[in-house]
Amino acid sequence: MELVLATHNKGKAREFSQILSQFLPDIIVLSLDDLGIPGPLKENGNTLEENAVEKALWVYLQTGKPSLSDDSGLEVDALGGAPGVYSARFAGPEATAAENNNKLQQYMLGVANRRARFRTVLCLAEASGHRTWDGVLEGEIATAQRGSKGFGYDPLFIPHGTTLTFAELEEEEKNRISHRRMALSKMAKHLVEEI
């Protein structure tokens, strides 16, 4: 089965492919780059689910292949759930991961309540329609950026059950506990039942 992943993010594509192959060994995950589909995808929704659905349906219409998208956000309690749906552009529309991390770190200076969570919503669009699944991983925001692995807010997020940030964990360990794995395992169960 071929599945088009609605992203140009190489780290995310690798992570999805590694996780999905554990559930569906014969799956072939293609990124937008693999198919030569240019440009960033629009995220006009007010929620993670709206963005995930919009992206999956757009990619399905372009390719005619089952298309999987996600929208993920970091929700920080002390910031009222921000950056949330605006995680990728927290420091501005063209912000880099480093700029987003730096802004979050500035906002959290001296803040005692460091509780946070990563939330992912997946949408699979195919000929029969579309469905969504979610995954949530609780944790906290580190007082300093640590580690060089991963992407996005990984240097600042410490998942519950460890003292290491996502950026310090080995890829296999991160993929074993991540919010994306939770959502992908729900989706993979659906696909296995369909096959």
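Predicted model: local features only at pLDDT ≥ 70, side-chain atom pairs only at ≥ 80, totals over all residues.

**First stop: a helix and one arginine**

Start by selecting R14, which sits in helix α1 (residues 10-23). Helices here are DSSP runs of H or I with at least four residues, strands are runs of E with at least two, and both are numbered from the N terminus. R14 is partly exposed, with a relative accessible area of 44%; buried means under 20%, exposed over 50%, and partly exposed in between (1.4 Å probe, protein chains only).

Residues are numbered from 1 along each chain as its sequence is written, and side-chain values use heavy atoms, leaving out hydrogens and water.

**Next: the sheet**

Switch to cartoon and find the open sheet of six strands, in the order β2-β1-β3-β4-β5-β6 with mixed pairing. Two strands count as paired if DSSP finds at least two bridges between them. β2 (28-31) and β6 (157-159) are the edge strands with a single partner each, so one side of each has no neighbour in the sheet.

Select β1 (residues 2-5) and β3 (residues 67-76): they pair in the parallel sense over two bridges. Click V4 and look for its bridge partner in β3, S67.

Then move to β4 and β5, which run antiparallel and are joined by 12 bridges. They form a hairpin with two residues between them. Pick A125 and you'll find H130 of β5 opposite.

**Last: helix α5**

Select residues 179-194, helix α5: its 16 residues reach 23 Å from first C-alpha to last, close to the 22 Å expected at 1.5 Å a residue (that is, 1.5 Å times one less than the number of residues).

Which residues of α5 are buried? Among them are H179, L184, M187 and L191. The buried residues of α5 pack against β1, α1, β3, β4, β5 and α4 (171-177), with contact meaning heavy atoms within 4.5 Å.

Finish at S178, which caps the N-terminal end of α5 with a side-chain oxygen 3.3 Å from the backbone nitrogen of R180.

How values were computed: Polar contact = N/O pair within 3.5 Å; in protein donor to acceptor, adjacent residues only side chain to side chain.
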